[in-house]
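Work through these exercises with the structure in view. Try each task before reading its solution.

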Amino acid sequence: MPFRLNPPRDRKLFRLVKKSDGVRLVKGRALYAPGDDAREVYLVRGGFMRLVLPGMEPGLPERTVGVALPWEIFGDEALTEGLRRYGAIAGSTCIVHPLPKGGVLHGLKTAKSSLDAYLEGMERELHRLRHAQGGSHGPSAAQRLAEVLLDMGERCGEPEGRGIHLSQKLTHQVLADLAGAHRATVTTLLNDWLYDGVLATTLDGCLSLQRPRDLLALAGYHPSAEKPAQ
């Protein structure tokens, strides 16, 4: 569960970032694999990282189970475990900063605001994962994809009139993995929403959430709610 660092709030953690030298990774470069020794925590300074697990069957490509976006910390299993639960692969050309796990743990333990934000983020992610479960009694692929797009809008969105411009370009396959849907289904839904004006594409190839209220309704939330219902 990536944790977004807020420099004014998380001053102790931000000091670790300023002392760390950034590492540049090209798209597709693996930072670590599942089962590797978990020695450091990382922060994304630019671009984004994919958190992945092996394919469901031998020979299938890895699947994305999460993304770490700019100013988000990932790899926090280093704080409590000896091995990596997931792999980390650059989803775009990006810069990451390795942070000592001892320093991160001390920063969380001694800064109540940082620890509270970290725990609240975990709670939100658990809620999202529970809500994303599909099946006959779970939300549809459209609901799950709408929730993924809203989550991206909250984490890497920039206000653009009444809409939200996503600063990161996520492939249809990554969106499908995050939504627990087939890529063809996601492509069809995105094309429908683009045609209906719910979404738009920008010159940089990123998506723009033109009508976030419609996505809230598609996700099963009340359109007038500022935040998803708990």
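**Exercise 1. Confidence**

Task: Find which element has the lowest mean pLDDT and which has the highest.

Solution: 
- Step 1. Start with the whole protein. The model is predicted, and its average pLDDT is 88. A score of at least 70 is reached by 90% of the residues.
- Step 2. Go through the elements. Helix H3 has the lowest mean, 77. Helix H6, residues 183-196, has the highest, 97.
- Step 3. Look at residues 223-230. Their pLDDT is below 50. The stretch has 9 contacts in the model beyond near neighbours in sequence.
- Step 4. Read with care: where pLDDT is low, predicted coordinates should not be read in detail.

**Exercise 2. The largest nonpolar core**

Task: Name the residues of the largest nonpolar core that touch the most other members, and say which element gives the largest share.

Solution: 
- Step 1. The core holds 31 residues. Leu145, Leu149, Leu175, Leu190, Trp193 and Leu215 touch the most other members.
- Step 2. Two or more residues come from each of these elements: helix H4 (141-156), helix H5 (172-179), H6, strand E13 (207-209) and helix H7 (212-218).
- Step 3. H4 gives the largest share, 9 residues.

**Exercise 3. Helix H5 and what follows**

Task: List the buried residues of H5, then check the residue after the helix.

Solution: 
- Step 1. The buried residues in H5 are Val174, Leu175, Ala176, Leu178 and Ala179.
- Step 2. Gly180 follows H5. The phi of Gly180 is positive, near 65°.

**Exercise 4. Asp204**

Task: Describe where Asp204 sits and what it contacts.

Solution: 
- Step 1. Asp204 is in the loop between strand E12 (199-201) and E13.
- Step 2. Its relative accessible area is 44%, so Asp204 is partly exposed.
- Step 3. Leaving aside neighbours within four places in sequence, Asp204 contacts His165 and Lys169.
- Step 4. Compare Asp204 with Val26. They are 178 residues apart in sequence. In space, their C-alpha atoms are 18 Å apart.

**Exercise 5. Salt bridges**

Task: Find how many salt bridges the whole structure has, and work through some of them.

Solution: 
- Step 1. The search of the whole structure finds 8.
- Step 2. Arg50 and Glu62 form a salt bridge, 3.0 Å from N to O. Arg50 is in strand E5 (residues 49-53), and Glu62 is in the loop between E5 and strand E6 (63-68), so the pair ties together parts 12 residues apart in sequence. Arg50 counts as buried at 13%, while Glu62 counts as partly exposed at 33%.
- Step 3. Glu77 and Arg84 form a salt bridge with the closest N and O atoms 3.8 Å apart. Both Glu77 and Arg84 are buried.
- Step 4. Asp116 meets Lys112 at 2.6 Å, N to O. They are 4 residues apart in H3, so about one helical turn separates them. Asp116 is partly exposed at 29%, and Lys112 is exposed at 63%.
- Step 5. Glu72, Asp151 and Arg155 are linked in a salt-bridge network.

Conventions
Residues are numbered from 1 along each chain as its sequence is written. This is a predicted model: local features need pLDDT of at least 70, side-chain atom pairs count only at pLDDT 80 or more; totals for chains, interfaces and linings use all residues. Side-chain values use heavy atoms; hydrogens and water are left out. pLDDT is the predictor's confidence in each residue, from 0 to 100. Contact means heavy atoms within 4.5 Å. A nonpolar core is a set of buried Ala, Val, Leu, Ile, Met, Phe, Trp, Tyr and Cys residues joined through side-chain atoms within 4.5 Å. Buried means under 20% relative accessible area, exposed over 50%, partly exposed in between (1.4 Å probe, protein chains only). A salt bridge is a side-chain nitrogen of Lys or Arg within 4 Å of a carboxyl oxygen of Asp or Glu.
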